[in-house]
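Work through the following exercises with the sequence and the model side by side, and try each task before reading its solution.

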Amino acid sequence: MSSSTPFIIQIWQKYRSGYEYLQALWIINRFEALLAYNIGYFLIVISLASDTALILARAKLFVVFAITVLLTKGIASIEDAIHDYSRDRNNPMKNYVASAVDKLGKRASILWLLLEFFISVVGWIYLSISLNSWVFVLSGTSGYVLGYIYSYPPRFKEKGIYNHILNAVGDVTFILLPGYFLVSDGFGVRNLVIIGLVFLNSFPYLIMHQAGDTFFDRLEGMKTFTQEFGARNSVLLSAIISLAISVSLICLGLLITAVANILFSYHLLGIFLETDPLDERQQSEIISKNYRIEIWATLINISYFAGMITFHAYF
């Protein structure tokens with residue numbers, strides 16, 4: 001940098017460079033989506049607590065748990081960003097991810113992955129030692145394995161519906177169940193049913209997230225569930241699943257959560273109607289434009305928290 005450059009401009013250029021670097025790191029971790037809807041998961045866990053006093057007593061452990069979960073998910077996101085770099089580069093809906101890898105550099109991206117892995121391993125071990133249970137180490141291990149095989153062989157990302165099953169199982173095995181173990185003295189049947197509904201609820205928004213990439217994934221030779229089922233049909237399927245879940249939620253007394261699912265279904269039906277009679281590229285673009293996983297997944301997850309709290313307050 002030239003010494004003749006005004007001091008204030010030098011400061012701004014350094015700040016901007018640092019900000020862009022952090023922004024790229026944020027993107028390859030997918031924190032723009034992960035942070036929002038995982039906060040919803042953490043709220044669900046809190047709503048399942050058996051005793052408020054237990055939450056307060058384990059508040060520090062809960063913070064460690066939340067950070068560790070986010071880092072574990074971030075690792076899977078970095079793996080995906082590195083592995084699918086060339087494909088993301090050619091996808092106008094995801095080329096910002098490849099640009100973030102370029103900003104950091106692939107070597108630096110790998111180093112960040114290793115750092116996050118080390119910190120998260122310490123977190124899982126700390127939780128297991130603190131609560132005298134290896135549940136957390138096992139949960140963390142499942143997160144690492146599921147995150148890896150999502151992008152790398154056997155690459156479940158291209159295994160049709162198994163891709164979505166893998167993601168949904170991951171959210172249960174290393175977020176909801178260990179989180180429930182952290183804030184509860186035992187497992188109640190009703191709470192386990194609710195965890196099961198959260199598991200099912202993840203399918204519509206995961207399918208929709210993939211539906212927007214249908215055309216561009218096909219161009220890159222990727223085989224996905226929404227290709228086999230059709231982008232538009234996937235939207236309709238997601239709407240039907242969400243409506244079916246709403247019926248179960250009403251039966252459980254979680255009316256706020258049921259309303260959120262009905263609104264989600266209504267939004268998806270609107271997208272379904274808008275994509276007729278367009279070709280697959282136009283369908284994919286409209287889905288990507290009108291569906292944001294970080295918004296709807298967060299809304300639905302928070303609605304579970306609101307529904308549970310309301311239920312406990314009145315019943």
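**Exercise 1.** Is Leu115 buried, partly exposed or exposed?

This is a predicted model, in which local features need pLDDT of at least 70 and side-chain atom pairs count only at pLDDT 80 or more, while totals for chains, interfaces and linings use all residues. Residues are numbered from 1 along each chain as its sequence is written, and side-chain values use heavy atoms, with hydrogens and water left out.

*Solution.* Begin with the cut-offs: buried means under 20% relative accessible area, exposed means over 50%, and partly exposed lies in between (1.4 Å probe, protein chains only). Leu115 has a relative accessible area of 39%, so Leu115 is partly exposed.

**Exercise 2.** Find the partners of Arg155 in salt bridges (a side-chain nitrogen of Lys or Arg within 4 Å of a carboxyl oxygen of Asp or Glu).

*Solution.* One partner is Asp84, with the closest N and O atoms 3.2 Å apart. This pair links distant parts of the chain, 71 residues apart, since Arg155 sits in the loop between helix 8 and helix 9 while Asp84 sits in the loop between helix 4 and helix 5; helices here are DSSP runs (H or I, at least four residues), numbered from the N terminus. Arg155 counts as buried at 9% relative accessibility, and Asp84 counts as buried at 1%. Another partner is Glu158, at 2.6 Å from N to O.

Definitions and conventions:
Helices (H or I, at least four residues) and strands (E, at least two) are DSSP runs, numbered from the N terminus.
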